[in-house]
There are 6 protein chains.
Amino acid sequence: MHMRRAFYIGRFQPFHLGHYSIINDIARDVDEVVIGIGSAQKSHEPKNPFTAGERVMMIRHALEDADVMHYAIPIEDLQRNAVWVSHIISMTPPFDVVYSNNPLVVRLFKEAGINVKQPPMYQREGYSGSEIRRRMLADENWRSLVPEEVADVIDDIDGVNRLKSVSGSDAD
Amino acid sequence: MHMRRAFYIGRFQPFHLGHYSIINDIARDVDEVVIGIGSAQKSHEPKNPFTAGERVMMIRHALEDADVMHYAIPIEDLQRNAVWVSHIISMTPPFDVVYSNNPLVVRLFKEAGINVKQPPMYQREGYSGSEIRRRMLADENWRSLVPEEVADVIDDIDGVNRLKSVSGSDAD
Amino acid sequence: MHMRRAFYIGRFQPFHLGHYSIINDIARDVDEVVIGIGSAQKSHEPKNPFTAGERVMMIRHALEDADVMHYAIPIEDLQRNAVWVSHIISMTPPFDVVYSNNPLVVRLFKEAGINVKQPPMYQREGYSGSEIRRRMLADENWRSLVPEEVADVIDDIDGVNRLKSVSGSDAD
Amino acid sequence: MHMRRAFYIGRFQPFHLGHYSIINDIARDVDEVVIGIGSAQKSHEPKNPFTAGERVMMIRHALEDADVMHYAIPIEDLQRNAVWVSHIISMTPPFDVVYSNNPLVVRLFKEAGINVKQPPMYQREGYSGSEIRRRMLADENWRSLVPEEVADVIDDIDGVNRLKSVSGSDAD
Amino acid sequence: MHMRRAFYIGRFQPFHLGHYSIINDIARDVDEVVIGIGSAQKSHEPKNPFTAGERVMMIRHALEDADVMHYAIPIEDLQRNAVWVSHIISMTPPFDVVYSNNPLVVRLFKEAGINVKQPPMYQREGYSGSEIRRRMLADENWRSLVPEEVADVIDDIDGVNRLKSVSGSDAD
Amino acid sequence: MHMRRAFYIGRFQPFHLGHYSIINDIARDVDEVVIGIGSAQKSHEPKNPFTAGERVMMIRHALEDADVMHYAIPIEDLQRNAVWVSHIISMTPPFDVVYSNNPLVVRLFKEAGINVKQPPMYQREGYSGSEIRRRMLADENWRSLVPEEVADVIDDIDGVNRLKSVSGSDAD
């Protein structure tokens with residue numbers, strides 16, 4: 001019997017309830033979800049505060065109790081869009097369908113002849129990494145936007161202070 | 001008898017009538033034109049929608065009937081300006097003169113002791129890659145700015161839709 | 001309560017019963033095992049026939065019924081031994097101890113002040129990737145050296161023929 | 001009317017009569033031949049004495065009088081076999097068929113679902129880059145193995161002395 | 001007797017009196033100062049006009065008469081913050097303390113458990129690379145902001161004209 | 001008054017009395033010696049056990065009492081011989097002459113039109129990095145082949161044991 005797998009990619013800076021909700025939706029359609037952690041080599045930047053390993057932890061803990069068979073795979077950038085799909089395929093278990101709302105991701109997989117579906121956009125305001133990072137910097141409430149387990153990981157690594165530090169860097 | 005060769009570099013996103021006109025002007029002064037296709041590794045980006053191979057096609061087809069002996073050579077970025085001239089030289093047939101209006105290109109070749117000439121700037125409004133890409137995104141007339149053969153290549157690869165897709169990408 | 005994690009790295013070309021046995025031994029000492037898949041960017045080479053994604057599959061299927069909580073994380077080479085430990089740490093969940101018999105791995109982690117244990121070497125003859133690849137090339141029995149699930153993955157991807165093909169490559 | 005194109009890749013260190021003969025054979029089956037110059041970033045090494053630009057010159061001059069429509073495209077190594085086919089495709093005009101006797105090249109294109117044909121092996125002894133480089137180092141006759149125009153390019157760049165110099169390098 | 005060493009890093013585009021003053025302050029606390037020249041691979045850019053070698057010259061000449069034992073070490077970017085501290089350590093003599101006011105540098109060394117001190121910010125207006133480069137472009141007085149020896153190096157390499165050239169580059 | 005500078009490059013694994021003697025000879029001809037530390041990114045390998053920073057230390061301490069004005073500059077490999085000379089030039093203070101007996105180095109600088117001199121080969125048997133590393137592995141006398149200060153650096157970092165560890169690594 002063929003195992004049906006979906007691929008879903010994000011930077012997960014951090015992993016939030018929007019991601020959580022989409023992955024749960026995808027899991028209803030397939031047997032397993034392959035979760036690509038994009039820009040895996042980046043961390044300690046204003047837009048990418050967390051390491052790939054920390055993001056693996058967020059995903060694992062957040063999905064622990066959900067009934068979602070998944071793989072969390074760090075994917076390093078190659079800076080070459082034309083080979084990106086091959087790069088993904090080489091790093092992951094085989095999948096039958098890609099779920100994405102990112103127009104570049106959609107385009108690249110479609111040009112490669114791979115089936116792409118667009119998950120319903122998660123509605124609630126603020127379910128975006130940039131909004132969460134903005135709230136962290138402004139000492140506003142960000143915890144309601146992420147799974148509880150993700151907030152724990154971020155606290156453990158002193159993540160909000162890290163984000164504040166690296167956001168204050170001058171470049172000169 | 002020494003073959004006189006000129007070097008001309010651009011990103012050609014896409015190749016347009018301004019490039020065409022400059023290359024025809026250069027061809028009057030030399031025996032052969034070496035055309036460097038810059039940022040060869042980039043594609044599927046708002047500023048770099050086309051692959052190097054697609055740009056090779058544009059150049060070949062556009063110059064097919066012109067009496068211009070030329071080489072179209074993809075050149076990948078090294079991200080190290082100090083070695084860029086050596087990189088160019090290693091990837092191309094030897095040349096006697098560089099034609100460029102790009103101040104960085106002019107500076108780098110001059111510091112390397114290579115003869116640089118500045119072609120007359122092509123006058124007609126819109127002869128620039130960024131203007132052409134803007135018109136593509138706005139569904140305005142871009143075809144009048146490129147050789148007919150280039151428009152054909154872009155149609156064949158569904159280039160305008162690709163540009164629209166990759167320009168809509170969000171980064172979060 | 002602190003989760004106790006061990007790190008174990010290999011190239012897993014392919015994942016064999018020696019690896020399986022070591023990981024089961026490690027699992028008795030810790031709560032979770034982080035399995036690094038080394039040289040993740042390599043494949044289709046005589047010494048590295050399988051992609052990282054294929055190796056993820058081998059590990060997942062082989063460990064499915066074992067009671068081992070684990071993470072399988074592809075790790076790309078950086079070609080810089082001096083930063084290798086930091087690279088590993090950035091790509092993986094935090095771990096308390098490393099298990100390795102590879103002298104370079106042992107040395108690098110020890111110089112970084114990390115606790116390293118050497119698992120008992122698995123005894124049975126042939127439990128090595130190079131022996132298994134040799135048998136594949138010689139049409140000898142390799143299946144007895146790997147978990148049944150790994151043999152299935154290799155059959156699914158026509159792995160033996162791939163190894164034969166890439167081992168016949170001439171370089172000139 | 002569709003233009004039928006073939007892809008043929010080699011390192012061309014140097015371009016010899018075996019390559020010449022194969023390309024002429026291929027040219028009978030297609031409209032245009034796309035010639036990939038592999039390991040383009042390498043030069044001044046015992047196995048790779050010539051730059052990509054020098055190899056472009058060899059190919060162009062050797063094929064000048066042959067009735068072969070062709071593109072000579074330098075291809076830099078990515079050191080990732082799993083994305084190599086995508087890399088080739090992004091750097092070249094589209095092609096319908098690949099001609100190769102190299103088992104790795106054959107395998108990679110076949111796994112990508114691309115049509116591969118194996119040209120008849122050229123028979124005459126010595127038609128290999130390594131044999132030609134061996135003769136250069138030993139001051140034996142290598143000129144009979146390459147097109148006359150290639151020998152001229154090599155003489156112009158003092159190629160035999162370069163090969164001797166770089167082959168004498170010690171590594172310590 | 002243990003040699004006490006401090007590490008101080010900057011891009012030094014160019015080396016100015018603020019840097020000079022900080023290094024002299026640091027030198028009072030330690031035996032030797034290890035000066036890291038960041039983004040060593042960059043040059044001929046608006047924000048990075050000078051090569052690493054030129055910056056080595058500026059530092060050596062400026063500190064020649066100061067009683068400061070120092071090492072000036074070019075450090076290339078790795079674009080991976082998580083391994084940056086290991087990279088620094090591998091390229092430099094061992095040091096006991098880092099002096100920095102850059103929040104990212106402070107954060108990365110602190111996360112690595114290394115002692116970081118923040119030197120008093122130099123007060124005088126204009127002691128920043130970006131202000132000096134702005135003045136160079138505007139033909140305003142920049143010489144008063146750098147050690148005399150640095151101005152000499154910049155004059156020798158025609159540095160102001162280089163900055164003007166590369167700042168005028170268009171990207172299309 | 002023009003400062004006359006020479007360039008000398010090696011891997012210095014480790015810095016030995018042969019290097020020491022050559023640099024002292026060079027120093028008689030010029031005002032300053034620029035010492036390039038090649039393959040700077042490598043360490044913890046059988047042929048490259050020491051980091052660039054450790055090699056900087058060896059050179060500085062060994063030359064401390066010699067009356068040799070020098071710069072010790074780590075140089076990372078680019079793996080592109082055709083741009084290597086430009087890379088060197090960008091990372092170092094300007095120099096007038098190169099001293100080398102390495103045929104590849106000699107060739108590359110000569111092709112770039114730079115003056116190269118060959119220092120008299122140091123005679124005493126064993127003055128080579130590979131012989132010293134062999135003796136370290138065999139517990140033979142290596143100390144007599146290096147300056148006393150270099151032996152101290154190697155002892156401080158437990159260098160012989162590191163070499164033994166990394167030389168015992170298996171690759172499978």
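Buried area is the accessible area (1.4 Å probe) that two parts lose on being put together, summed over both. By that definition, chain C and chain D bury about 1200 Å² between them. Chain A and chain C bury about 1800 Å². This is a predicted model: local features need pLDDT of at least 70, side-chain atom pairs count only at pLDDT 80 or more, and totals for chains, interfaces and linings use all residues. Residues are numbered from 1 along each chain as its sequence is written, chains are lettered from A and ligands numbered from 1 in the order written, and side-chain values use heavy atoms, with hydrogens and water left out.

**Chain A with chain C**

- Contact (heavy atoms within 4.5 Å) takes in 21 residues from chain A and 21 residues from chain C.
- Carbon and sulfur atoms give 60% of the area buried here.
- Arg60(A), Glu76(A) and Met91(A) supply 30% of the area that chain A buries against chain C, more than any other three residues.
- There are 0 salt bridges between chain A and chain C. A salt bridge is a side-chain nitrogen of Lys or Arg within 4 Å of a carboxyl oxygen of Asp or Glu.
- The two chains have 8 residue pairs in polar contact, both residues at pLDDT 80 or more. A polar contact is a pair of N or O atoms within 3.5 Å; within protein, one must be able to donate a hydrogen and the other to accept it, and residues adjacent in sequence count only if both atoms are side-chain atoms.

**Elements on the chain A side**

- Helix H2 (52-62), strand S3 (70-74) and helix H3 (81-91) of chain A each give two or more residues to the side that touches chain C. Helices (H or I, at least four residues) and strands (E, at least two) are DSSP runs, numbered from the N terminus.
- H2(A) gives the most, with 6 residues.

- The same surface serves both copies, as 100% of the contact residues of chain A recur in chain C.

**Chain C with chain D**

- Here 16 residues of chain C touch 15 residues of chain D.
- Carbon and sulfur atoms carry 38% of the buried area.
- The interface has 3 salt bridges. One pairs Glu76(C) with Arg80(D), with the closest N and O atoms 2.4 Å apart.
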